[in-house]
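Here are my notes on the model, point by point. Please read them with the structure open.

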Amino acid sequence: MNDHEFGYRWGHSALLLDLDFGEESSALLRVSRPGDPTPTVTGLPLVDVTLMGAGTGWSGPRFRGTALGARLRYRGHRATYGDGWHHLTVELDDPQSGLRVFAEYASPDGVAVLRSRVRVRNEGDAAVTVRSVGSLLLGGLPSPDVLDAHRARNDWLAECRWYAEPLRASVPDIGRDVHEHDSRAALRLTGRGSWPTDGHLAMGALTDRTDGRCWLWQVESAAGWAWDAGEAPAGRTYVGLSGPTYDEHGWSQELGPGEEFASEYAALALGDGFDGALGALTEYRRRVRRPHPDHDRLPVVFNDYMNTLMGDPTTEKLLPLIDAAAAAGAEYFCVDAGWYDDSADGGWWDSVGAWQPSGRRFPGGIQEVLGRIRERGMVAGVWLEPEVVGVRSQVVNVLPDAAFLRHADGSRVTEQGRHQLDLTHPAARAHLDAAVDRIVGEWGVGYLKLDYNITTSAPGLLDHTRAWRAWLASVLDRYPTLVVENCASGGMRMDGASLSVTQLQSTSDQQDPVRYPPIAAAAPTVVPPEQGAVWAYPQPSFSDAEIGFTLGTAMLGRVHLSGHLDRMTERQLGLVREAVATYKAIRGDLRTAVPFWPLGLPGWTDEWIAVGLRAPVEGAAYVSVWRRGGGGGDGVELVLPVGHLAGQADVRTEVLHATDTGVAVAWDEGAGLRVTMESAPAMALVRLI
């Protein structure tokens with residue numbers, strides 16, 4: 001945009017990047033939106049890289065103040081535009097180590113999101129060992145005094161639990177005027193191993209309490225990540241984002257002369273409040289992912305596992321369930337775990353890997369089941385855990401040691417009775433290609449639920465995860481209509497890198513319908529609504545209200561039906577059919593809608609929970625609201641602020657789905673959506689036009 005001797009402005013209508021170049025220094029980066037206050041120059045380097053022998057300096061284990069970062073010198077930049085994306089590469093080098101560094105930025109036109117990664121190339125005469133390459137280093141944010149930090153705990157059965165605290169709780173004011181330097185304290189968060197979102201989501205945010213601005217980020221790595229936020233020079237705040245590092249994850253990479261390495265990607269979204277920034281990040285996620293017709297169609301999937309067959313499928317059990325699922329309106333039917341198990345006791349955990357159907361479970365062959373699914377007008381799917389091989393599987397003796405991840409001593413990684421394949425090896429890829437070509441190409445399966453139920457931090461994990469995504473892309477190249485669901489015991493690998501390739505994401509393994517709403521309501525923070533698979537598992541033993549509750553929880557995501565529908569009365573099945581029909585009527589709006597939270601992000605024990613989806617300009621808004629219990633007696637009313645409709649008098653409300661007739665809604669132009677629920681637990685899906 002503007003180019004002058006030592007400064008450069010780059011961006012578009014929604015995002016601005018200001019870089020200050022100096023002849024004897026690195027480049028300095030500031031990011032803002034048009035109309036925002038001008039960020040303060042902090043003197044931080046553009047990137048931070050650490051090598052063996054050139055570490056973190058005075059700053060300790062933080063992404064600033066490293067020895068090499070301060071040595072990098074600006075050498076040039078190049079900006080391009082194409083396919084709706086703006087691109088900028090800034091080139092720097094370190095004469096001492098011979099390292100050439102390329103800071104690569106990209107932003108979708110009209111979206112306030114910056115995507116960033118860093119490439120390093122050894123142009124020296126000797127090998128160097130890299131121990132960290134930050135994806136993005138940004139200074140110039142407001143003082144820690146006015147910022148709140150947001151993180152999301154993410155545990156098995158309890159995913160997406162956001163919480164906030166003042167940044168000063170982790171970055172105390174040490175008295176800079178006395179000590180003459182900034183604090184070394186930082187809020188630091190890491191994700192380790194091949195379950196990168198076990199513990200926390202690979203995300204974070206800062207919000208300014210004075211004006212509501214928000215900086216929201218994600219690190220796109222399936223192999224470990226780290227970020228920190230702390231005090232920068234001039235009393236400002238910095239944020240550093242990174243994939244795996246030596247200090248946190250044991251990662252390192254030797255680069256011989258001429259060799260290079262690229263960091264994981266990171267994305268930073270800007271917006272008015274958390275909801276505004278998340279809206280921008282949602283649009284970015286849609287633009288960066290692999291295009292697929294599933295994102296437009298949003299078919300309803302029935303999966304036989306949750307609270308139903310629980311890994312024990314047989315022809316006898318499946319045939320009536322298939323008929324009932326089709327009658328309820330399901331469009332895909334996935335046979336989950338166990339279809340390959342020939343053992344009498346169901347002890348298949350440590351024997352998986354061959355992926356051949358069980359003759360004992362399917363005496364007429366698995367094609368009898370898959371054929372029934374197709375006869376009933378649905379697409380057939382199966383569960384697969386491709387990256388593991390059980391220690392008792394015949395495959396362990398067929399594949400070479402090099403086809404598995406190995407420890408430093410050369411022994412195979414073994415976790416919970418399973419070995420971990422290394423998809424950088426051609427034999428590992430050929431093994432999985434043969435399985436997929438058999439299941440998809442020969443059997444005609446159109447849906448794969450790819451699960452992953454071990455975790456490891458073995459050497460080579462980063463290369464494996466990149467090869468895993470490349471392998472998935474090659475499978476989708478061969479079978480363009482195949483739909484792939486990403487699962488790792490629910491949401492333990494719910495990262496941006498994986499979601500850029502797979503079509504759906506399992507949000508949880510939570511089996512209690514009353515505990516699922518906070519997960520379902522917060523899932524759009526990490527996955528676009530049309531990719532977030534939410535279980536709906538009505539049972540014949542449920543009351544009508546309980547059936548409505550579990551079905552309603554999934555309606556603003558991807559409905560993943562389960563439950564013993566084949567044992568229901570016709571009236572009960574009618575309730576399921578009606579709810580599925582409601583979902584099909586609104587799913588076209590979900591494809592482009594952005595989320596908002598009228599009550600704020602949900603807490604795990606909140607009595608009332610609400611999430612909304614706002615369709616594009618002039619479109620409808622949808623709000624799901626749950627009352628899970630608590631005091632107050634019957635007929636409790638709650639007011640839900642709907643910011644983008646505030647002050648409008650002509651808003652019409654329509655209850656699309658509710659647990660019973662004791663739910664009432666009304667629009668109040670001065671307050672918002674008034675919701676009354678006579679009992680709990682209860683829920684309602686409301687459309688605002």
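1. A cut-off comes before the rest: a residue is called buried when its relative accessible area is under 20%. Cys 160 has a relative accessible area of 2%, so this residue is buried. Please keep in mind throughout that the model is predicted.

2. Stay with Cys 160 for its backbone. Its phi is positive, about 60 degrees, and yet the residue is not a glycine. Most residues other than glycine have a negative phi. Where is Cys 160 found? The residue belongs to strand β12, which covers residues 158-166.

3. Gln 416 also deserves a look. Here phi is about 55 degrees, again positive in a residue that is not a glycine. The setting is the loop between β26 (414-415) and β27 (418-420).

4. Next, a peptide bond to check. The bond from Ala 680 to Pro 681 is cis, and its omega is near 0 degrees. Most peptide bonds are trans. Pro 681 sits in the loop that runs between β39 (672-677) and β40 (682-688).

5. How many disulfides are there? The count is zero. The rule asks for two cysteine sulfur atoms within 2.5 Å. Take Cys 334: its closest cysteine sulfur is that of Cys 487, and because the gap is 10 Å, the two are too far apart for a bond. Seen from Cys 487, the closest cysteine sulfur is in Cys 334, at 10 Å, again too far for a bond. Cys 334 is buried, at 0% relative accessibility. Cys 487 is buried too, with a relative accessible area of 1%.

6. Arg 493: buried or exposed? Its relative accessible area is 2%, so this arginine is buried. Arg 493 lies in the loop between β29 (483-486) and α11 (496-499). Leaving out residues up to four places away in sequence, Arg 493 touches Ser 194, Pro 196, Thr 197, Ala 222, Glu 387, Tyr 452, Trp 468, Asn 486, Ala 488, Ser 498 and Gln 505. Glu 387 is one of these contacts.

7. Trp 608 is placed in strand β34, residues 608-614. With 12% relative accessibility, this tryptophan counts as buried.

8. Now a helix pair. Two packed helices are described by the angle between their axes and the distance between the axes. Helix α13 (residues 544-553) packs against helix α14 (residues 570-590) at about 25 degrees, and the axes are 10 Å apart. Angles under 35 degrees count as roughly parallel, so α13 and α14 are roughly parallel to each other. Their crossing is right-handed.

9. Which residues make the contact between α13 and α14? From α13 come Asp 544, Ile 547 and Leu 551; from α14 come Arg 571, Gln 572, Leu 575, Val 576 and Ala 579. By class, five residues of this contact are nonpolar, one is polar and two are charged.

10. Last, the cover of α13. Seven of its ten residues are buried, so the helix is mostly covered by the cut-off in use. The buried ones are Ile 547, Gly 548, Phe 549, Thr 550, Leu 551, Gly 552 and Thr 553. Ile 547 and Leu 551 also meet α14.

Notes. Residues numbered from 1 in each chain as written. Predicted model: local features only at pLDDT ≥ 70, side-chain atom pairs only at ≥ 80, totals over all residues. Heavy atoms only, no water. Buried < 20%, exposed > 50% of the residue type's maximum accessible area, 1.4 Å probe, protein only. Axes fitted to C-alpha atoms, helices over the stretch in contact; angles between N-to-C directions. Helix = DSSP H or I, 4+ residues; strand = E, 2+ residues; numbered from the N terminus. Parallel < 35°, antiparallel > 145°, perpendicular 65-115°, else oblique. Left-handed = near helix turned anticlockwise from the far one by under 90°. Contact = heavy atoms within 4.5 Å. Nonpolar A, V, L, I, M, F, W, Y, C, P; charged D, E, K, R; others polar.
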